[in-house]
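I opened this entry to note what I looked up, item by item.

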Amino acid sequence: MKKLPCFKKKKVEEDTRKIKANDPTANATKEYAGNEISTSKYNLITFLPKNLFEQFRRLANAYFLFLLCLQLIPQISSLAPITTILPLVFVLALTAIKDASDDIARHRSDRQVNNREIKTVVGKEFVTRKWKDINVGDIVQLTNNQFLTADIVLISTSEPNGLCFIETAELDGETNLKVRQALEETGEIGEDIEKLSSFDAEIEYEAPNNNLSRFEGNLIWNNKTLPLKNDNVLLRGTRLRNTQWAFGIVCYAGPDTKLMKNSGKATFKRTQIDHLLNQIIIGIVCFLLVMCAIMTICCGFWESFFGYDYRRYLPWEKYVSKDQKIGALEQSLLVFLSYIIILNTVVPISLYVSVEFIRLLQSKWIDWDIQMFYEPKKVPAQARTTTLNEELGQVEYIFSDKTGTLTQNIMTFNKCSIRGKLYGYATDEAGNEIQDSEKLKSIEFEEKDEEFRWYDEKLIDAIKNNEEDEHNFFTLLSLCHTVMPEEKDGKIIYQAQSPDENALVSAARSFGFVFDSRTQNSITIRVQDKEETYDLLNILDFNNDRKRMSIIVKKDGKIVLYCKGADSKIKERLDSSETDVMAQTDEHLNKFASDGLRTLCLAWKDLDEGEYNKWAEVLNKANTSMENREERVNDAYEEIEKNLKLLGATGIEDKLQDGVPQCIERLSRAGIKIWVLTGDKVATAYNIGLSCRLLTSDMEINFIEEEDENEVEKKLEKVRNDMIDKVEQLFAVKITDRRQRLDWKDWGIDVMKFDQHRKNYNYNNSGQTQDKNDPISSLPTTENGSSPQDREQFEGFGLLITGQALVHALSDKLKMRFLELGTMCKAVVCCRVTPLQKAQVVELVMQNEKKITLAIGDGANDVSMIQKAHIGVGISGEEGRQAVLASDFCFGQFCFLERLLLVHGRWSYLRISKFLRYFFYKNFAFTLCHFWFGFFSGFSAQTIYDPFFVATYNVFFSSLPVLALGVFDQDVSADQSMRKPHLYGPGQNNEFFNKKIFAESVIHGILTSCIIFFVAYLSVSNSTRSNGITQADLQSFAFMVATIMVIVVNLENALETWYWPSLYHLVLWGTIVVHFVFHFILYSPFIIKIFKRNYHYVGVAQSVLSNEHFWFTLLLTCAILLLPIFCREFFRMRFMPNKTDRARLNRKYRMDEKAAFVEHIKQRLGRVKRPILSGYAFSQQEGWGPLITSGRMQSKAASRRRPPAQINNINSPTTTDNDLSQIQDSTDDHLLKNEKDSSETTIPSKFVPNVEPTNRKPSTNATKETDPLLSSINNKP
Amino acid sequence: MPGQGETEEDHEQQKSKKPADTAFKQQRLPAWQPIITANTALPVFLIIGLTFIPIGIVLVITSERVLEHDIDYTDTNCMSTTAANTTCAQALENANYTGQTCTCRINFALDKSFDGDVYFYYGLINYYQNHRRYVRSRDDNQLLGKEGAAASECQPFQKNSTGSGKDYAPCGAIANSKFNDTLSLLYGSENVSVTNVGIAWSTDKAVKFKNPDNASNYFTSTHDKPPNWKVTAWELDESTSENNGYQNEDFIVWMRTAAMPTFRKLYRKLLRNSTFQNGLPKGDYTLVVTYNYPVTSFAGRKQFIISTTSWMGGKNPFLGWSYIAVGIVCMITFVVFFILHKTWKINNPFTYQMASIQNNQRITTT
């Protein structure tokens, strides 16, 4: 590297750039950055200082450096500096090694990139140069499939009309080809070296910036000023495709390229626990200071009352005043610093490193999860941010995009309406609609398309009859788009920006309007085997604000504008004479929408020549303007797109992804509220909401569609009142203060537990019939007027709001009310929202709810919300990878979200919480012994442990088991996590780690230190061994306390750990064994022989370990400290198990009982079929038909065994096709009847007859000979 | 930056990276998943209760069998034999601690015979051998007999800076403050025979403390004795020549600093011959104290302790009683849990309703 980044010249702020082709000397004077890139941070010389500087910028490291400095002062050093040096060096070295290896990789890739070769035009010949030697203004030759060297203004290409194709996968992740085009004028240059070397245009363009989609500049050549746009520029990072060669002028090089300007500087997200940790650390530091202050005060008294007289044996230091009071004061102040040194271990140095390490491994679990690998696209899940894992276990709000996220984003043309005529609905002879798609025969087209199905012959006939409207309709579809055709194996494959376009163009092709090829200025289509070529005048391209695209073509002297876009946009721009047709089409649009189709409107208009020319001039002016170009262009577009004539509308089917309904249902049972933000129409969104089971018919759904602010306000108020009424009516709650913010919790209703509620009701009823003595047989219901049936069926509130209403609802005045309603609802759907609104909604919830939010999406329009939310998840879908690049986690399918949250997130949260809890405990237990010892050692800051032990405790003797806990622990298996979404709850409420838990673990630590210290003190002080030698010398005591500490703390860890793979055994027992071995060696006489130095502790290990007192004390201390924990665990587990405990118990008994139970089931299968068949008759809801036909329920046998009491949940999903495995899986639910909130949620339980209360008796047989706990649970009423 | 250095193959490979389906990577490692249930917990409590109580009883009995006799001779117990009505402590104080010696005789009786090995200790109370500055003030390498200047940790007892300028041997506050009372015991008029060998840790004596070569020269001429000492280290035990210098066992015992401000250190062992074949017989004894070591100025106390030992060492009832207490608590826990376990049924399918009833009442009443 020639230049160090820090020595870089200060750049003058550039306004515009001006370069001249083929004039290297002139360009060199401008001193634009060269093309050498350097993404590395360090080089050999700068590595150490820079890396150390970076590391010490972290507060924790700086803190320990400060401590180290303190320890180097002999007057106050209470500990050998080694105790801090050792862990600090360990931590720094680890980080440095990681940084260094990262940087070496960057160096390597930089070098590789910088040394790539490219041909440039120098003088009159081609010269091959290395990339790093390329400068701004050079003309370079690009070849096919080559990565671009720098940002380049295109001069000419091998393709006609100066077209070239690029793939921008490296830049924005989109793999489809994009077109770039050289200016017409320069395009003629071709590859003629003469012309190239004499090309002397001047190019003026904007200064380097990071906007990937904008380039403004002018090329001045032969006295003509030609506008340069984004279309004329190729960016570094893209790759040339399907183009033999291309020439261009380098306009930005190296660090100025848009790629480099866009890299890095990702917004750094931190988790709630991080914030809490920071607060806790500050709290601990305060605690540390308080402890030190206590010791200081005590020391002052001690020194003045005792130490002063004790000088006979322990003289005061020379630098301390001889005066009694002043001397004592000075001593005590020095002791303050000394105590800071020895008590500093309460602020755990290894905490941050350990947390990072654990999170890294937790991310690896996500990366490695084969069940989140999306086979069709070969996309594994990926944790792009490794620091957010535990927050995945705390999500309360999910903001989801719809298209491409909930749906597959594979579009198929399904319905259409042409000038008021509806096509696409298949009818039978009587004219009734045929619903069942199985009965339909799709029409065979000549151009075959796998995805495309069409059933309506009327349209075919209409086209055959050359009806004008239909003709026009498909002509538009085949013309008005930005699709690129590509020949592959003799077939035309369409490369489209969006799948909608692809669907439309493909459909047009099927109907005989084949889009054949396009050039810069023309489009060729084949209409019924007749080739037609249109002159392409303008493309008025699509963007998210315009929501439409138009194309102006000329054929046979006739100029036509074709436009397609969102219905609202088109509606505004229709000619007034079109109202009738529009009304009809509107009806059709609504019909499409209620079928869950995406709709587009098509319109057109004829333009006369003069009008067009005038407008073209306006556009040209707008195009060449240097300021506000985009705005002016938009205005120009606006001007021509009016008075359109409606052609019709299309309905495109957007299929749901696999498993989405199940996933949503389970997520919502996990207490997660799902907000869908979509650009679709209300009706479309509503229907998608129903089909993905976000909304259900038993929900109370409110619509807010008003457009005026006052009306929105009124509506919000009304919805609010309705909700209050409904709640009062159903739950027999009296809401006294109606003004107060609505909150389920205030009424004691667990909002996510309606299911459970219903279940309890069922359970109760059946319980009554079976057991007359059931003490709790009446529900607290009727006196308040709410019937249990109503309540039973109530599934919560839903809210639908449109983008226009949202504009007002998000205003400062109304946003809190909107939020209030939103939080009351189980599901919220926002329709027709803009990307900005998506971010606003996320922000609204984030800022006011203090809950964790997750945004998931797949497209560029989701980027804003993905970046805004606490956690951003990207779906690597059809629409490119922009969302993925902005996300923290990404994977291939929406339904993996369930696994990400319910399994990985939950585990991560559990693990990190346990880890932190334990970590603080162990550090307090360790450190506070010094504090107690202070009271016996004259507050002199004497350490109680061997300095080596202080240095190694955190690194060697307590770290590995807790790391193993943080990485491996699990409460229940992944499968069970998925099947019991309610286990997710604790994370949302921060139940596993919060300030209270922290305080508990601190108190636990303090008590532990207290007991370890005082038990050891009482048992050895003043006592002697059998050979008469006393045993309470300082070193023996130190080793004794240290050993007890290590054993107790590690056994405590063992009690905390629920999941013991062999690795954990190794680490746990290993740590304890290593403690003994290490100290035995360290304290052996060999050490003196080897190092020729004396050491206090020689012989201590042997002496202590051979002493009965030590072993009795160890046993006693362990009993005193571990039994209460053991006892508490047992008590909770047996007498008041929480959700997690129940699940764990389940899992345990499942293992034990599985075999017996399966046997039992097998015996019973034959007998119980009958009553179950009758269950069908009781069903008050839809039957199984759709489920069976949809293939979701493949097991017929299973469905036959469905018991009667379970009708409510018949929609529950299952995909299992093996009866036996279902039975096996369900045994755990069977075995713990009282686990109410889970047993219904798992589908397989339905297929097990005796899971049901009505059939309880047999089930107890199977569990007779088991644990008393189990049977007591089973025998419960 | 999306790795632009990648070749196409790398790219493809990365895209098709399918995670390996191993038990480790899929977090399906076979594991023991302990759950504390009644089946495990109740036996644990029972077993601990059943073992701890007997252990505790044995320990208490053992401890009770140990005989111990303490004599505090700090002040009034130890009246000077030379000056009337003066305690030795006062005598030292009156002489302003300038090296005077005071002798006192203390008569006492043992009610029981101390059978077996008998050990004699001196005990100090309120004496901070564990103070940081005190603990630090020694030079372990000097004690190993190595040549070289005394370590600076020994300050202010590193070298005789006011006089000869020679290093102290041994240096440091610990060595300087070595306990130097002489305690001897008379049975009637017969001297109780004792030994001062074998009172220190064997490793200390064998490894950590070594006299330098040419020890007599080292201790007497090249180095000074510590200021508080009456004799040089080479004259500590005049009867046994190898028990001198750094290897003197009294010195080694002193140098092994105590962990607590109340401590005792082994002083002598009974030499079991003739009269004392079976230990100390019961009867009247006289403790003869040569009182050199002042502690009264800082309210310290000095004790002379006679003790026998058991297999568990000296008297210490704490462990035994603790074991009994823990054992009893375990038994109680066991009984309570057992009864609870047999009677308590978990019933919370209706918790929800119960909670909502309560809530309703709360809301309606407010």
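The model is predicted. Asp858(A) sits in the loop between β31 (852-857) and α27 (863-868) of chain A.

I then checked Asp862(A), which lies in the loop between β31 and α27 of chain A. Asp862(A) is buried, with a relative accessible area of 0%. Leaving out residues up to four places away in sequence, I found Asp862(A) touching Asp401(A), Lys838(A) and Gly857(A). The side chains of Asp862(A) and Lys838(A) are joined by a polar contact of 2.7 Å.

I consulted UniProt, where an unreviewed entry lists Asp401(A), Thr403(A), Asp858(A) and Asp862(A) under "binding site". These residues are spread over 462 residues of sequence but cluster in space, with a largest C-alpha distance of 10.5 Å.

Next I traced a sheet. Nine strands of chain A form an open, antiparallel sheet in the order β17-β16-β26-β25-β24-β23-β22-β21-β20. β17 (421-423) and β20 (513-518) of chain A stand at the edges with a single partner strand each, so one side of each has no neighbour in the sheet. β16 (residues 407-418) of chain A pairs with β17(A) over three bridges, and Ile418(A) has Lys421(A) in β17(A) as its bridge partner.

I also looked at what lies on the sheet. Helix α18 (residues 629-640) of chain A touches β22 (530-540), β23 (548-555), β24 (558-565) and β25 of chain A.

Key:
Residues numbered from 1 in each chain as written. Chains lettered and ligands numbered in written order. Predicted model: local features only at pLDDT ≥ 70, side-chain atom pairs only at ≥ 80, totals over all residues. Heavy atoms only, no water. Pairing = 2+ DSSP bridges. Helix = DSSP H or I, 4+ residues; strand = E, 2+ residues; numbered from the N terminus. Contact = heavy atoms within 4.5 Å. Axes fitted to C-alpha atoms, helices over the stretch in contact; angles between N-to-C directions. UniProt positions renumbered as here; feature names shortened; annotations may be inferred. Buried < 20%, exposed > 50% of the residue type's maximum accessible area, 1.4 Å probe, protein only. Polar contact = N/O pair within 3.5 Å; in protein donor to acceptor, adjacent residues only side chain to side chain.
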